[in-house]
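Take a look at how two chains meet in this model.

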Amino acid sequence: MTDYAWRRNNACVATYRVLQEHAFLDQFDQADHPFEDASGVKMGDLLYFPRTTANPDIIELLADQIARRFLKFVMKIYAVDKQDAAETSGAIIGALAKIFEDKKKTILDLAEVVDAKLRFPDEN
Amino acid sequence: MTSDYKRGLGLACALVGALALSSSAWAAGAEGDAKQSVKPVLIQPQDGRPVMAGVKYDFSGKLAERSFDAQGGLDPDALRGGVDLTYRARGTVASSAERNPENLLDFALDLKGLASSSAGAVKFGASLKYEADQKFKNHNLVYGAKVTAAKNTLLFRNDQIALDIAYSQVDPGKDDARKKALGVETLDKYYRGDLEALYRVPVAGGIIRAIELNYRLYREFDAPAAIKAAKLNKHELSTIRLDLPKDFFVAYSTGKLPFDRKDDQAMALGWSYKLF
C-alpha cells in the first residue's frame, strides 16, 4: 500500500482529468467517481482493461499503448518535463505502463508515478 | 536428421545470426546477471541400492542485451524496448548414469524482445532447449516461438486491437481424452500453434459502454489420424462481451479450449451476465 496522498495537486488532478474527461481517455463518468472518491478506483475497473483475456503479453502491450496516450494528454494540459533529465522517455512510459498493466493498481498508484516521473511547471 | 532437429537448428542459427548482424551494437550481459551453483549431492537410486555421490549444477546468465530506448526530451512517441539473450544449463551428474533417477541435463537459450512506439507495440520470444541423459544416449531438442502485437486508436478513438501467435511444444501428460483417442497410457509431446485475437472498442452514448471480441485457435501440427478423428487436433473459442453501465455486462462464448488451457477460460461457455 502506498504512502502517497491523494489530493488536489498537479499530479493527481492531471491523472484524474486525463483518465476521466471525454476529450482524453474517457475511462469513467465523473458522476460514478468524483475526484474526492477516485483514488481507489482500480485499473481493472477502467474502460480500457480487457475482460475476455488474461494473456499477460496482450495486457502488457495494450498497457504500453494506453500509457503513451496518457502521457500525451498530460503534456497537452500541462507543460511538464522529466523529473530526472537522464531518464529516457521509454523508461517513463514503461513505469506508467506497469501501472496500467496491473488490474489491481489504482488511480492513486498512477498519480504517484506521474508525480515521481514528471516535473510540473510550479515545481523547482 | 529429423524435421524437428532441422527446425530447431534453424532457430538456433537465426538466434546467432540476429546477434552477429548487430553485434557491434550489443552489450555483453553484466557479470551480475550470471549465476552459478555447483554442489555435491547424495542421490538415492530407485533400485534400492546404496546412495551414490553426484554433482548438481545450475548456470544461468545473460549473454547479450541491447536497449532501443531513444534519448532526448520528454516524448510520448519515443521508441522504447530492447532485446536480450539468456542461457541456462543445469543437471545432475551421478557416479552411475544408469542408476541416476535425475538423469537429465538441459541447456536452454532464450531470446526475448520488446519494441514499441505510438505506431504500435510488438513483443517476441524464441527459445531453444537441448535435453539429454548423462551419457547423451537419449536426447531431445525442444523449441518455441511467440510474437504479440497491439495497438490502440486503430479504427476508432481509444479502441484496442491485439494479436498473439505462438508455436510451442505441449506436454499432454494429463490429457485423458487424448489417451483414450490413441488407446495409450502414456503420451508423447507434440507441437501446436496458438492464436489469440482481441478487439475492444468503447461506444459513445447509449446503454452499451464497450464491445469486446476475442477469438482463440489452437491447432496441432501433424496430428495422428486418431486425434483428428476425435477432433482433438483443433480447438476454437469465440467470445463477445457487451459492457453496460455500473459494471454490468452481457457476454456470450462458444467453442472449447484444449486441456492445458482450461484455466484460461475467462468466463463460462454460453451466456454470462451480471445484470443484477
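Which side chains meet in a salt bridge at 3.0 Å, N to O? They are A:Asp64 and B:Arg80. A salt bridge here is a side-chain nitrogen of Lys or Arg within 4 Å of a carboxyl oxygen of Asp or Glu. Across the interface of chain B and chain A, the rule finds seven salt bridges.

This is a predicted model, where local features need pLDDT of at least 70, side-chain atom pairs count only at pLDDT 80 or more, and totals for chains, interfaces and linings use all residues. Residues are numbered from 1 along each chain as its sequence is written, chains are lettered from A in the order written, and side-chain values use heavy atoms, without hydrogens and water.

Now the whole interface. Contact (heavy atoms within 4.5 Å) joins 49 residues of chain B to 40 residues of chain A. The two chains bury about 3600 Å² between them, 50% of it on carbon and sulfur atoms. Buried area is the accessible area (1.4 Å probe) that two parts lose on being put together, summed over both. In chain B, B:Leu74, B:Pro76 and B:Arg80 lose the most area to chain A, together 20% of what that side buries.

Next, chain A. The axes of helix α3 (residues 89-101) and helix α4 (residues 107-117) of chain A come within 9 Å and cross at roughly 170 degrees. Axes are lines fitted to C-alpha atoms, for helices over the stretch in contact, and angles run from 0 to 180 degrees between N-to-C directions. Helices are DSSP runs of H or I, at least four residues, numbered from the N terminus. The crossing makes α3(A) roughly antiparallel (over 145 degrees) to α4(A).

Definitions and conventions
Helices (H or I, at least four residues) and strands (E, at least two) are DSSP runs, numbered from the N terminus. Angles under 35 degrees count as roughly parallel, over 145 as roughly antiparallel, 65 to 115 as roughly perpendicular and the rest as oblique.
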